Amino acid sequence: MAVSKSTSAELDRFDLAILSILQKDNTTPQRQIGEAVNLSAPAVQRRIKRMEETGVIRSNVAVIEPARVNQALTILVEVEVESEQIDLLDAAKAAFSAAPEVQQCYYVTGDVDFMLVVIVPTMGDYEAFTRRMFFGNPNIRRFRTFVTMDRVKVGLSVPVEKPR
């Protein structure tokens, strides 16, 4: 979900400070957040609720270490499609979004059309994924696989302006 400039402009220094804290640990008690940003706990609660309702905060999730749940391989995949017809692109986006192995999917500019981050337990599971997602799809021209050796930095936090 893209955030428009008008939505960004509605965020004041308190909202940005709250977001900064929540991105580090979204289980931080609202009272503690309030103490850190000089607001009451009810004011923090109202601001968080508003940011959830407007889509600034998209979800509250637990970040899991893949290897600890038998998902040892992180694979980056470049995907090139045959045709960029809207209906075919939409079908590819829907298929990638529905695949549980696809952690992230980006529709990109350049020599390829999509960049995927895929997480699987084994290379056999990745092969099954490629057969299901790529080989059986006539709109997939080619794909290129990069197996990661180390997850050096992984995160979903978004830089927010420092409160003044």
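Select Phe14, Ala17, Ile18, Ile21 and Leu22 in helix H2, and then Ile33, Ala36 and Val37 in helix H3: these two groups meet each other, where contact means heavy atoms within 4.5 Å. By class, this contact of H2 with H3 has 8 nonpolar, no polar and no charged residues. Ala, Val, Leu, Ile, Met, Phe, Trp, Tyr, Cys and Pro count as nonpolar, Asp, Glu, Lys and Arg as charged, and the others, Gly among them, as polar.

The model is predicted: local features need pLDDT of at least 70 and side-chain atom pairs count only at pLDDT 80 or more, while totals for chains, interfaces and linings use all residues. Residues are numbered from 1 along each chain as its sequence is written, and side-chain values use heavy atoms, with hydrogens and water left out.

Now display the whole of H2 (residues 13-24) and H3 (residues 30-37). Helices (H or I, at least four residues) and strands (E, at least two) are DSSP runs, numbered from the N terminus. Two packed helices are described by the angle between their axes and the distance between the axes. The axes of H2 and H3 come within 10 Å and cross at roughly 130°. Such axes are lines fitted to C-alpha atoms, for helices over the stretch in contact, and angles run from 0 to 180 degrees between N-to-C directions. H2 and H3 are therefore oblique to each other; angles under 35 degrees count as roughly parallel, over 145 as roughly antiparallel, 65 to 115 as roughly perpendicular and the rest as oblique.

On the H3 side, select Gln30, Arg31, Ile33, Gly34 and Val37; on the H4 side, Ala41, Val44, Gln45 and Ile48 complete the contact. By class, the residues of this contact are 5 nonpolar, 3 polar and 1 charged.

Most residues other than glycine have a negative phi. Asn38 has a positive phi of about 65° although it is not a glycine. Asn38 is exposed, with a relative accessible area of 67%; buried means under 20% relative accessible area, exposed over 50%, partly exposed in between (1.4 Å probe, protein chains only).

Move on to Asn70, in the loop between H4 and strand E1. The phi of Asn70 is also positive, near 60°. Asn70 is exposed, with a relative accessible area of 54%.

**A buried glutamate**

Go to strand E1 (residues 73-81) and select Glu78. Is Glu78 buried or exposed? Glu78 is buried, with a relative accessible area of 19%. Not counting residues up to four places away in sequence, Glu78 touches Val112, Phe114, Met115, Arg142, Phe143, Arg144 and Phe146.

Select Val158, in the segment after strand E4 (140-147). Val158 counts as exposed, at 51% relative accessibility.

**The whole chain**

From the N terminus on, the elements run α-α-α-α-β-α-β-β-α-β. Of the 164 residues, 31% count as buried. Along its principal axes, the C-alpha trace spans about 55 × 40 × 25 Å.
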